[in-house]
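Biologist: Hi, could you show me the model and talk me through a few spots in it?

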Amino acid sequence: MRHPTSGTKSRIGRRLLRLYAGLALYGASSALLVASGLGLEPWNVLHQGLAELTGLSIGVVSITVAAVVLVLWIPLRQRPGLGTVSNVFVVGLAMDGTLALLPHLHGLVVRGAVLGAGIVLNGVATGLYITARFGPGPRDGLMTGLHQRTGRSIRLMRTSVEVVVVVAGFALGGTVGVGTLLYALSIGQLAQFFLRVFTRPPPPR
């Protein structure tokens, strides 16, 4: 008979594996969007614009922006978890690491395939790290914090913030294109699908 403590440790271990696999995959999938050159998700438009402005890598900028957003949690009275803090560092490092390994892409077909793979894998990654239940990412917590403080819907808060970051990022040189639109139209459905996949109960033994 398995000791209850060993079962608890096993569940926590699986959740940690899911968390870090999800965060690493999120960074890698974002790198695929960058490499495609066809448009980025909203926050990475800002990150790329700031990277162009500062000369830093997009991953380092992502880490810096996430840390600043986390500071904004203080007046919003949000509580970070392990997943929140891990998100700050792992996503940016995975993005830079993946970009360092990817070759320069040629041809619209190849770039389109990489874009599509990046969007789908981003949905997989979202399902993994959210179902690990170690706390929301810094940007997600910002949305929920603004929702709680203002009484406005999360959808309105998310849309408002993402419009601002896209416009600012585009003004700084970030890439807005068909990929940005496809991401906006599909990521909600993809994330919802993979959330259901990763929250299914295990089959009986």
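Predicted model: local features only at pLDDT ≥ 70, side-chain atom pairs only at ≥ 80, totals over all residues.

Biologist: Great. Where does Asn44 lie?

Modeller: Asn44 is part of helix α2, residues 42-54. Helices here are DSSP runs of H or I with at least four residues, numbered from the N terminus.

Biologist: And is Asn44 buried or exposed?

Modeller: Asn44 is buried, at a relative accessible area of 3%. Buried means under 20% relative accessible area, exposed over 50%, and partly exposed in between, using a 1.4 Å probe and protein chains only.

Biologist: Which side chain does Asn44 make a polar contact with?

Modeller: That would be Glu41, at 2.9 Å from side chain to side chain. A polar contact is a pair of N or O atoms within 3.5 Å; within protein, one must be able to donate a hydrogen and the other to accept it, and residues adjacent in sequence count only if both atoms are side-chain atoms. Leaving aside neighbours within four places in sequence, Asn44 also touches Ser30, Ile58 and Met95, where contact means heavy atoms within 4.5 Å.

Biologist: How do α2 and α3 pack?

Modeller: Their axes are 9 Å apart, at an angle of about 115°, with α3 covering residues 58-76. Axes are lines fitted to C-alpha atoms, for helices over the stretch in contact, and angles run from 0 to 180 degrees between N-to-C directions.

Biologist: Which residues meet there?

Modeller: From α2, they include Trp43, Asn44 and Leu50, and from α3, Ile58, Val61 and Val65 are among them.

Biologist: Switching topic, what is the phi of Arg77?

Modeller: Arg77 has a positive phi of about 60°, although it is not a glycine. Most residues other than glycine have a negative phi. Arg77 sits in the loop between α3 and α4 and is exposed, with a relative accessible area of 67%.

Biologist: And what about the phi of Arg133?

Modeller: Arg133 has a positive phi too, near 60°. Its place is the loop between α5 and α6, and Arg133 counts as exposed at 56% relative accessibility.

Conventions:
Residues numbered from 1 in each chain as written. Heavy atoms only, no water. Helix = DSSP H or I, 4+ residues; strand = E, 2+ residues; numbered from the N terminus.
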